[in-house]
Amino acid sequence: MADTTARALQLLELLQSAQLRTVAELAERLGVDERTVRRDVARLFDLGVPVETLRGRYGGYRLAPGRRVLPLMFSNEEVVAVFLGLARAQAASSEPEVVAQTALAKIKRALPAADAKRIDALLGVMTRTSQPGGLAPDPAVMLTLAEAVDLRHVLDLRYLSGEGVPSRRTIHPYGLVAHSERWYLVAFDTDKQEERTFRVDRIRTVRSIRETFAPPQQPDVEGRLLDLFAGAGYRWNVVLRIRGTEDHIREHLPLSVARLERSDRATDRGREDAPPWHRAEIHAENLDWLPSVIAALDCEVVIDRPDELRNRVRAAAMSMLHAAGEEQGSTRA
């Protein structure tokens, strides 16, 4: 009886995960003959599950859509994906819905204790910046990463860069952070001997080595992610001096874009009440977007480097003057 019930539940899961299943396919997946499959389908039908039979060469079995709410069957990874999707929606909502909370509670109660503990660990190590992540990566990968962060296990992962270059890394994972519609892993790369960020959706496979590591003292994972973004090894290293409040500057140059520190430069004579000077360091792959940011700051800005940015700002200024009809040498009626 136990085997029959388990097989019926597996059959239901197979029918739920595809639009149509042939008898031969079901027999192979269940490890039984086709006659047993037909008996199991009949048993589901007797229990009230709306299984339809399609005749013909390309026929088989399917669940009739829209007939009733079925007792859905999920794999462990699917349960995690559903649970995290609901949890993210509730976290982002100013008024969490009772229905979603009830669904979360039901899923949690239905999980084996080990899986429930894994989900708790995953939720515990997740962090969000002010720009939350919206893309859901592979739940199995997320679970492995979360366990490694929680237990301080070394990871062996295969990664695909943005340029499509594959690599294999051994890392010490510190935390998972959602930022700007992506999930990121903050970790120490043992091969390169430096902290790195990895986009979780680019991780192809990951395996826990079970070797442990000593984490940094209370690492600020969110802050480290933004700092690593700001210090990324891009083509240009831009340094600006900006007179303005930190809040005003951060409206245009967020933490993930610029490293900002207050300058010790003395206040100009007669302007003791003026905003302080700040030094902004920006790593950028190209400079085209910076002239518009400098203009939007609408305060005193001095370009320390590079000269190429000065040239772009001059060109942008000339274009604006030309558009206003006030370029050098023009005459006005």
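Helices (H or I, at least four residues) and strands (E, at least two) are runs assigned by DSSP, and they are numbered from the N terminus. By this definition the chain has 11 helices and 12 strands. The model is a predicted one, in which local features need pLDDT of at least 70 and side-chain atom pairs count only at pLDDT 80 or more, while totals for chains, interfaces and linings use all residues. Residues are numbered from 1 along each chain as its sequence is written, and side-chain values use heavy atoms, with hydrogens and water left out.

The chain as a whole may be considered before its parts. A residue is called buried when its relative accessible area is under 20%, exposed when it is over 50%, and partly exposed in between (1.4 Å probe, protein chains only). Of the 333 residues of the chain, 36% are buried. A contact means heavy atoms within 4.5 Å. Among the contacts with a separation of 6 or more, 62% involve residues 24 or more positions apart.

The next topic is the nonpolar interior. In soluble globular proteins, nonpolar side chains tend to be buried together. A nonpolar core is defined as a set of buried Ala, Val, Leu, Ile, Met, Phe, Trp, Tyr and Cys residues joined through side-chain atoms within 4.5 Å. The largest such core holds 19 residues, of which Leu145, Leu185 and Val200 touch the most other members. Two or more residues are given to this core by each of helix 7 (139-151), strand 4 (153-160), strand 5 (166-179), strand 6 (182-189) and strand 8 (203-212). Helix 7 provides the largest share, six residues. Apart from this core lies another, of 17 residues, which includes Ile242, Leu253, Leu260 and Ile282.

A pair of aromatic rings is described by the distance of the centres and the angle of the planes. Rings of Phe, Tyr and Trp (its six-membered ring) pair if their centres lie within 6.5 Å; planes under 30 degrees apart count as stacked, over 60 as edge-to-face and the rest as tilted. The structure holds two aromatic pairs. In one of them, the ring centres of tyrosine 159 and phenylalanine 198 are 5.2 Å apart and the planes stand at 85 degrees, so this pair is edge-to-face. Because tyrosine 159 belongs to strand 4 and phenylalanine 198 to strand 7 (residues 194-199), the pair ties together parts that are 39 residues apart in sequence. Tyrosine 159 is buried at 8% relative accessibility, and phenylalanine 198 is buried at 1%. The pair of tyrosine 174 and phenylalanine 213 is tilted, with 6.4 Å from centre to centre and 45 degrees between the planes. Tyrosine 174 lies in strand 5 and phenylalanine 213 in the loop between strand 8 and helix 8 (221-230), so this pair also links parts 39 residues apart in sequence. Both tyrosine 174 and phenylalanine 213 are buried.

Individual residues show how separate parts of the chain meet. Leucine 44 is in helix 3 (residues 34-46) and is buried, with a relative accessible area of 4%. Although leucine 44 and alanine 8 are 36 residues apart in sequence, their C-alpha atoms are 7.2 Å apart in space. Beyond its neighbours within four places in sequence, leucine 44 is in contact with Ala8, Leu11, Leu12, Leu15, Val49 and Val51. Isoleucine 303, in strand 12 (residues 301-305), is buried at 16% relative accessible area. With neighbours within four places in sequence left aside, the contacts of isoleucine 303 are Val239, Leu240, Ile294, Leu309, Arg310 and Val313.

The backbone also has local features to examine. A cis peptide bond, with omega about 5 degrees, joins arginine 305 and proline 306; proline 306 lies in the loop between strand 12 and helix 11. Helix 11 is followed by glycine 325, whose phi is positive, near 75 degrees. Two residues other than glycine also deserve a look. Arginine 152, in the loop between helix 7 and strand 4, has a positive phi of about 60 degrees and is partly exposed at 23% relative accessibility. Aspartate 298 is placed in the loop between helix 10 (290-297) and strand 12. The phi of aspartate 298 is positive, near 55 degrees, and aspartate 298 is exposed at 68% relative accessibility.
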